[in-house]
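Subject: Model handover, domains and cavities

Hello,

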Amino acid sequence: MQIATDIGGTFTDLVVLDEQGNTRTFKGHTTPPNFEQGILDVLAQSGVNPEAISAFVHGTTTVINALTERKGAKTALITTKGFRDILEIARCNRPDLFNLVFAKPKPFVPRYLRLEVSERVTHDGSVLQSLDISDIEKAVEFLKKEQVESVAICFLNSYANDINETAAAKIVTELWPEVFVSTSAQVTREWREYERSSTAVLNAYVGPVSLKYLDNLDAKLTQTGVSSKRYIMQSNGGTTTFNAVKTAPINLVESGPVGGIFGAAVLGQVLGEKNLIAFDVGGTTAKCSLIDSGEVKITTSYRIEQTDRYAGYPIMVPVLDIVEIGNGGGSIAWVDQTQSLKVGPKSAGSLPGPVAYGKGGTHPTTTDACLITGRLSASNFDTPVDISAVESALVEHIGKPLDMDAKEAAVSILRVAEANLFNALRLISVRRGYDPRDFALTAFGGGGPMHAAPLARALGIKKVIIPVAAAVFSAWGMLMTDIRHDYIQTNIGTLDSSSISLWDEQWGKLKQQALAQFADISGELATFAHYLDMRYLGQEHTVKVPVPAPGWDEDTVQNIIDRFHQMHEQSYTFRLDGTPVEIVNLHLTVIGHREKPKLSPIAAQSEPVEASLKDRRMIYFDPEGWVETPVYNRQTLLSGTRLDGPAVIEEKASAALVCPGQSLHVDTYGNLIIETRR
């Protein structure tokens, strides 16, 4: 059997999948700071024989937690003379244009730990000045005295030629074997000096923490008796081995969330749905991503901590294009100084958690609001729920300031929370040039199924898919992934019929580099996907265009240019036919296919749907108001079941809402399909 584990901010999930496609799921509490203990706890809870595990896939929040909580290593930066302050200068454009007290993000490396050395490589990779070894030796001596734990090395134009960077790293390692060293070229071969510097620094910052975590987890799994291959989920939607990721652990920055997004794409292929919006609501955050024609979107313009008023920190590694907001089941509701109701981004987490958990939480959350409005029942919780305590918290923190009773406060919290979620879904669709009505919404996580149907109504989405094991779907998605590595090389030049041989040569070099590295990671059969980052001559930024394998002719080039025009128009609403087109980056994706179990059909429904009825209770729907609603047990709703909303479908750790005017049926594999009634 294969298992996957996913560490979230509140819960640690585990999915067990056998050769017949049968799924078992388990959920335990996340155990910071010793996250590996949560994995061992839920593994023990599952009762799985460790020796029977054939593959172990893992998603982790270790990297993103170290960054957001500032719990990484003491880090230094060694860079080209004259570029010490690049982290401080950053970018002049700022998100909050009219804020007169705007402050740029504070660098992760203080100025006294940013050291310059003599060396210089030009933009075309020519070595203008070789590395001054004495500068490196002096830097190491100083950084040792400062008790630095990790060193980032980023030299100007090293994406074109990293000979000086490699030499510097070798000297640092020889003089100081115990320090973690990260060169920018190990992490990214893409241009833009500030973004490359930031990425190298953040990789160094999380390096020691990540290595310690992976080594501890690896050792404890071995002690437990797990001897199978071990894979870890990367931000690009693929997996790699524990050892392979240790050079560039920054590739794990979105390790957990991308599993569910990739799983949504796989599920869409099975169900014949190529256009999907993946929607994941957990305990702390909500995440959504768009899948167009079966393909997940990849970006290297990712930033952590970015908001509409804060620039955040760039990380130039391939990451699934995700919109993430601080709005989950544990998001705390509060009233600001202007008497406006807010939900999130602060979360109650797993400890103390929502008031309903009974673990000391005193501030109302989205989960508490779902309980009072009927979307959740007390039976959804592991421990007895003190309803009066939940109502008192709602009145104390929301009701009194806004002159509401507990129910009115709960309804208001849901409205604000779903307005936040609505905006996130628009950002990933409408703001990207897509009409959400052309997509199905795949909802998962503990909270996704509760909010999906109302949001679909608001967006005009006709179909909602609630997958099997929705509450642990990110872990399920990890079992469906392949080993994947992305190789991106900046190489600027025009695209026309006269440059075909040049680009074939560049693709060949990139493929050789990829195969040499990939052979050490996976013995599996590898396939390749090719992309170009393209722009009009004179533009600054690019559009990523899928292209055929090398071996192009004039027709191929024209088709690529036509495709670029179409994608540019979709993204930016205009096209410039006749304007020369320029290639900026070559992007090669290498995929090693893992053996994956197939989905198993479930039994057909034979009894009336009333046999699955658990309860009837009053539930608030907007705009209908309070409606008496039947509640069904998902475990006994088998293939072919059909019912009309309003309804609630309950399962362990989640509940799916069906609004008035919507219908639901259960498909062959047990997925819940919610559609607008005609």
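The domain bounds used here come from an automatic or database domain assignment. For this chain the assignment gives six entries: domain 1 (2-62 + 211-252), domain 2 (75-209), domain 3 (258-327 + 418-479), domain 4 (331-416), domain 5 (483-592) and domain 6 (609-663). The centres of domain 2 and domain 4, taken over C-alpha atoms, are 46 Å apart.

This is a predicted model, with local features needing pLDDT of at least 70, side-chain atom pairs counting only at pLDDT 80 or more, and totals for chains, interfaces and linings using all residues. Residues are numbered from 1 along each chain as its sequence is written, and side-chain values use heavy atoms, with hydrogens and water left out.

A cavity is a set of points, on a 1 Å grid over the protein atoms alone, where a 1.4 Å probe fits but cannot get out; lining residues have an atom within 4 Å of a point. Points are joined across faces, edges and corners, and a volume is the space filled by probe spheres set on them. Three cavities of 30 Å³ or more were found.

The largest cavity holds about 90 Å³. Its lining includes Leu87, Pro105, Lys106, Phe108, Tyr194 and Tyr313. Helix H7 (residues 193-224) contributes the most, with four residues; helices are DSSP runs (H or I, at least four residues) numbered from the N terminus.

The second largest cavity has about 40 Å³ and is lined by Thr79, Phe83, Ile86, Cys154, Phe155, Leu156, Glu193 and Ser197.

Regards

Conventions: 1 Å grid on protein atoms, 1.4 Å probe; cavity = no way out; pocket = protein on both sides within 12 Å on 5 of 7 lines; lining within 4 Å. Helix = DSSP H or I, 4+ residues; strand = E, 2+ residues; numbered from the N terminus.
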